[in-house]
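Here is a short report on one structure. Look at the sequence and the model first, then read on.

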Amino acid sequence: MTANRLAESLLALSQQEELADLPKDYLLSESEDEGDNDGERKHQKLLEAISSLDGKNRRKLAERSEASLKVSEFNVSSEGSGEKLVLADLLEPVKTSSSLATVKKQLSRVKSKKTVELPLNKEEIERIHREVAFNKTAQVLSKWDPVVLKNRQAEQLVFPLEKEEPAIAPIEHVLSGWKARTPLEQEIFNLLHKNKQPVTDPLLTPVEKASLRAMSLEEAKMRRAELQRARALQSYYEAKARREKKIKSKKYHKVVKKGKAKKALKEFEQLRKVNPAAALEELEKIEKARMMERMSLKHQNSGKWAKSKAIMAKYDLEARQAMQEQLSKNKELTQKLQVASESEEEEGGTEDVEELLVPDVVNEVQMNADGPNPWMLRSCTSDTKEAATQEDPEQLPELAAHEVSASGAEERPVAEEEILLREFEERQSLRKRSELNQDAEPASSQETKDSSSQEVLSELRALSQKLKEKHQSRKQKASSEGTIPQVQREEPAPEEEEPLLLQRPERVQTLEELEELGKEECFQNKELPRPVLEEQQSERTPNNRPDAPKEKKKKEQMIDLQNLLTTQSPSVKSLAVPTIEELEDEEERNHRQMIKEAFAGDDVIRDFLKEKREAVEASKPKDVDLTLPGWGEWGGVGLKPSAKKRRRFLIKAPEGPPRKDKNLPNVIISEKRNIHAAAHQVQVLPYPFTHHRQFERTIQTPIGSTWNTQRAFQKLTTPKVVTKPGHIIKPIKAEDVGYQSSSRSDLPVIQRNPKRITTRHNKEEKL
Amino acid sequence: METAPKPGKDVPPKKDKLQTKRKKPRRYWEEETVPTTAGASPGPPRNKKNRELRPQRPKNAHILKKSRISKKPQVPKKPREWKNPESQSGLSGAQDPFPGPAPVPVEVGQKFCRIDKSRKLPHSKAKTRSRLEVAEAEEEETSIKAARSELLLAEEPGFLEGEDGEDTAKICQADIVEAVDIASAAKHFDLNLRQFGPYRLNYSRTGRHLAFGGRRGHVAALDWVTKKLMCEINVMEAVRDIRFLHSEALLAVAQNRWLHIYDNQGIELHCIRRCDRVTRLEFLPFHFLLATASETGFLTYLDVSVGKIVAALNARAGRLDVMSQNPYNAVIHLGHSNGTVSLWSPAMKEPLAKILCHRGGVRAVAVDSTGTYMATSGLDHQLKIFDLRGTYQPLSTRTLPHGAGHLAFSQRGLLVAGMGDVVNIWAGQGKASPPSLEQPYLTHRLSGPVHGLQFCPFEDVLGVGHTGGITSMLVPGASEPNFDGLESNPYRSRKQRQEWEVKALLEKVPAELICLDPRALAEVDVISLEQGKKEQIERLGYDPQAKAPFQPKPKQKGRSSTASLVKRKRKVMDEEHRDKVRQSLQQQHHKEAKAKPTGARPSALDRFVR
């Protein structure tokens, strides 16, 4: 501030000086030009410097940039040469006078006012107005959209819109206003009043109601206290959990984790003692965890973090430890439980654990057997076989030893220990021999131990046998595939017919089964000679041999028809045989003979087939032949246009849809359209439908009273719009649909009929 | 208001009250008004018919063992539906133990559903979908309502059941007559009319009236239940067939020369000379058409409401004397001497379908009331039952010792065949199953060879016309127990009949609508729809419903250069093209796969096969 003030004072001083100097300067312009030049410049500079101290009122002192020889009084180096002339400056006298300040201010004010912009032309203004108005009205009207939509979708509209709510008074109210008049009624009411039977709600007297409503104070208090306690406990627990969760100490967490693990182990031990089944479940869980671990890459040191650590591990001990920790964790998780139990066994562990484990192994093998991978399967079975064979020599002495041990188990525990040791060694050697099949191995090695394991072995053997059998059966099937067709040709109803039974029960596995199936079907056929069945079967046969020529096919069709008509149908067992027949048996026979003779030449079937062929031909779309005989070649009697030309000018008609009776040899169905009926059908799809099937679905239900109940009929035929005769239909108002007409009338509307609005809300709630 | 208590809550005082409420309190006025309640029993005992075959406490134990005619509960009872839901908060305060409308068994409701939901619809827009949903909801609602009203079908069909292992066919009419009540026993009767030769007969649609005409010109009509004769005349000419028109007041008689129409007093109203030498008559009640088959080989449709011949079709198969109608779709079935049965509609000049049924000529044809099965018998002594639902294949075949000359189906699907002087009746398992021809349900021997057969509608009665006259025999379970009172009411008065006549005439179905699928009217005429579309495209010069060609969207930052736009367009086009090619390839594959043999693999030895 001080600097500013100083600068100002200096400025003022310099100005005065300048003004004072000016005449002098002009006077000695030429003579002292050279001498004073330096001093002048210096002075100027000083002035500049001083004026620059004040940023606001700086007056630019122009400097003559070019040297001019002539310095006239007109060529004054004026201050503020770059500026515009300000009006106020003209007013400025030499000495500042306060009287002119107001005028100056006014002038400045006049100047500060900007010029008024040109008004927009009329069209533009109107356009803007319209736009604004449109937006406003659109917004206002948009509240009607749901109403309009609702009315459009409504099944029925009833006009005039405002309707009085039908006053449904509850029957009790009606009753209360009702007076007993006749003696009978009076008597009834007397009876009711005598017993204090309430009229409105007869089930409960007021006393009963009150007693029901009341709840004893103590009870209520107790209940409240209980609730409070529960709430408090819950909040405590939550707070504690939150606190624990926030603890950042690694060590703490480690300890907690360890503690948890220990606890779990303890519990497991206990559980095993108390409830082996539950323990087994636990074990399964662990097993599952192991599986998961094996599947995942979580602790395999392959993650981002692990990689970064691996780089560091060379130099950083901690990082190395962390990595190892992770690996160890992986190992721990992937470690098979069995191994642990094995060691337990070796130490003479409990047998029940072993039994628990054995089924696992068996399961695994089974899983393999069921699995889709044949390679795995084979190797597995072969492994087991190998193991078995390898064991065989060892098994014998072992078994003997086992027997020995069984005979004198109590007497010689030492020997038992020896046996155990030997077993261990054997196992190790076995492991060396077959390292690949680790899964099957332990099982097979264990098997020799006791009877239960022997059972397992037998099971395994059975399994492998089964597998073998399956292989064999498959092979058999493969080989029998060649034979099946032959069988088909021989048998009347072989496998091909199976689809006729609609459900194919199972795939035929072996030849025996197949034969059985065929037998069954034959049996069925015998039971129920069904022409349809036979016919379809014979229809099927041509499909089987497509290489047969078409003529043959046709023949077959004919044969088929014949079959259809000449099937030996069982004669009816009739209790009452027509008398004529009995009386004139011979005559009847003659008659039959006559009929046979009469129809012998009458080939009904051939005629029918011919007719059908003609019908098919007639219904086929015709090709258009555009060849002009004699055009571009010789023409005349006996000359035909060349085949090439005919081919070229023949327009083939598009193949129509397949005939309905294509697969029905005994039927001719006319493909002609019933144009008279078509005139009654709908020919144009109405608006929202894009496909005829959609529309058909909406008109499939009949609406006549012949097909519907009276109520349904009335509902289906309700008019879309119902008007009351003699009533004016006024345009819809906001109040009618529950809106307030405008912001101003908001309150009055609500106040006027709050009841209506509430009732509407209620209705909505109900809906 | 206090809500009514739930029955589950245990509120001891209330329970007590409820129970006391349940007990019927004795009213003080009860002693006085006992006679009035007795007098207020509702109406006269209506619907007595078909009750006749209810089990009766038999006086004769022997007959009971032989034929137990009893009823089975058909519809699961929906109890307490009458308890209206308003009672929930009524005066008594008692709560409805079964709130809401009664549940409807799904299968019953399914019966009334018309929309075939198995057919897939093409993808539809939201608006269309909403319309479809509305239609489906409507259908469901109406079907449920219809299923509810099934409760009103109170009557159940009668049936005949033998004791275990006993053949019902051995039960003779006398046994049945003895077992049933008097009213229904009266429905078994014989008319001995030996003079005027073999008789044809026809029951009116309500089942109340019977008309019969003998070969020697004897024509009579009677209310057969009361045995009141309406008219009896002799037309002095051979009568080939006789048929009631839409009501019992009009009677068409096919005489030797021409077709005549009489009223119920025997006054001749018309002689239609354009229908000459008619052999068989059929009346289509909903179209008011009288179909006549003549010796000259013409099938003529006569509209009896306006008296015009609608169509005269030449069957080109010689003399026509086997005819029956399909009650489901009003198609006429004609049997021919070349073993075929042809199906006719007045709108088409040629048969709708032709089925080769027998090796010899066809002797009789009958179609069941659901239009599913057709029974034919031919000169080859075979009786066949065909499936009419598109396949026209025989379902079962039997050889009869003498062949059946006449066939008829009952309303509930029993099949009767007249063979010589014996009548055999076969029954199916359920209502919608074909009659199984293995075991006859009933047999009866008549005094002469059969000439006409018809089951009486709404009565368990079979009318047989033969040389000896007319026999009306009892066949338990033959016909529909419940009739539609507005449609064909056996008990209608004259006034009701007149009103029904007007209504039926207003609802007359145009003759040209007869086709194999009676629901064709609910389908869109696709051919003309497509034709119209094509014409529109031609008219406009473009397809208004075609998909708009792909127009790439303008993009910012200089990526909307012409080259890139073209590139994008090209990409889309190529994609579409690829799709097309893929589809066509797939189709080809399908075709090839179809054409490919599924048989055995070719072996090296095939080359030696001749």
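How many bridges join strand 2 of chain B to strand 3 of chain B? The number is 5, and the two strands run antiparallel.

## Ground rules

This is a predicted model, in which local features need pLDDT of at least 70 and side-chain atom pairs count only at pLDDT 80 or more, while totals for chains, interfaces and linings use all residues. Residues are numbered from 1 along each chain as its sequence is written, chains are lettered from A and ligands numbered from 1 in the order in which they are written, and side-chain values use heavy atoms, with hydrogens and water left out.

Helices (H or I, at least four residues) and strands (E, at least two) are DSSP runs, numbered from the N terminus. Two strands pair if DSSP finds at least two bridges between them. Buried means under 20% relative accessible area, exposed means over 50%, and partly exposed lies in between (1.4 Å probe, protein chains only).

In a regular strand the side chains alternate between the two faces of the sheet. Tyr199(B), Leu201(B) and Tyr203(B) point one way from strand 2 of chain B. Arg200(B) and Asn202(B) point the other way. Arg200(B) has Gly213(B) in strand 3 of chain B as its bridge partner. The hairpin of these two strands has 5 residues between them, and there Gly207(B) takes a positive phi near 85°.

## A four-stranded sheet

Chain B also holds an open sheet of 4 strands, in the order 1-28-27-26, with antiparallel pairing. Strand 1 (189–192) and strand 26 (450–455) are its edges, each pairing on one side only. Neighbouring strands are turned by 15° against each other on average, direction ignored. Such angles run from 0 to 180 degrees between N-to-C directions, and the axes are lines fitted to C-alpha atoms, for helices over the stretch in contact.

Within chain B, strand 27 (residues 461–466) and strand 28 (residues 469–474) are joined by 6 bridges. Val464(B) stands opposite Thr471(B) in strand 28 of chain B.

## A one-sided helix in chain A

Helix 26 of chain A (residues 604–619) has 16 residues. From first C-alpha to last it reaches 23 Å, close to the 22 Å expected at 1.5 Å a residue. That expected span is 1.5 Å times one less than the number of residues.

Its buried residues are Val604(A), Ile605(A), Phe608(A), Leu609(A) and Lys612(A). They cover an arc of only 125° around the axis, so they sit on the same side of helix 26 of chain A. The arc is that of the directions from the helix axis to the C-beta atoms. The face turned away from the buried side carries the exposed residues Arg606(A) and Ala618(A).

## Salt bridges

The structure holds 33 salt bridges over all chains. Each is a side-chain nitrogen of Lys or Arg within 4 Å of a carboxyl oxygen of Asp or Glu. In chain A, Glu633(A) and Lys645(A) meet at 3.8 Å, N to O. Glu633(A) lies in the loop between strand 2 (624–625) and helix 27 (643–648) of chain A, and Lys645(A) in helix 27, so the pair ties together parts 12 residues apart in sequence. Glu633(A) is partly exposed at 28%, and Lys645(A) is buried at 13%.

In chain B, Arg398(B) forms a salt bridge with Glu438(B), at 3.9 Å between the closest N and O atoms. The two are 40 residues apart and link distant parts of the chain.
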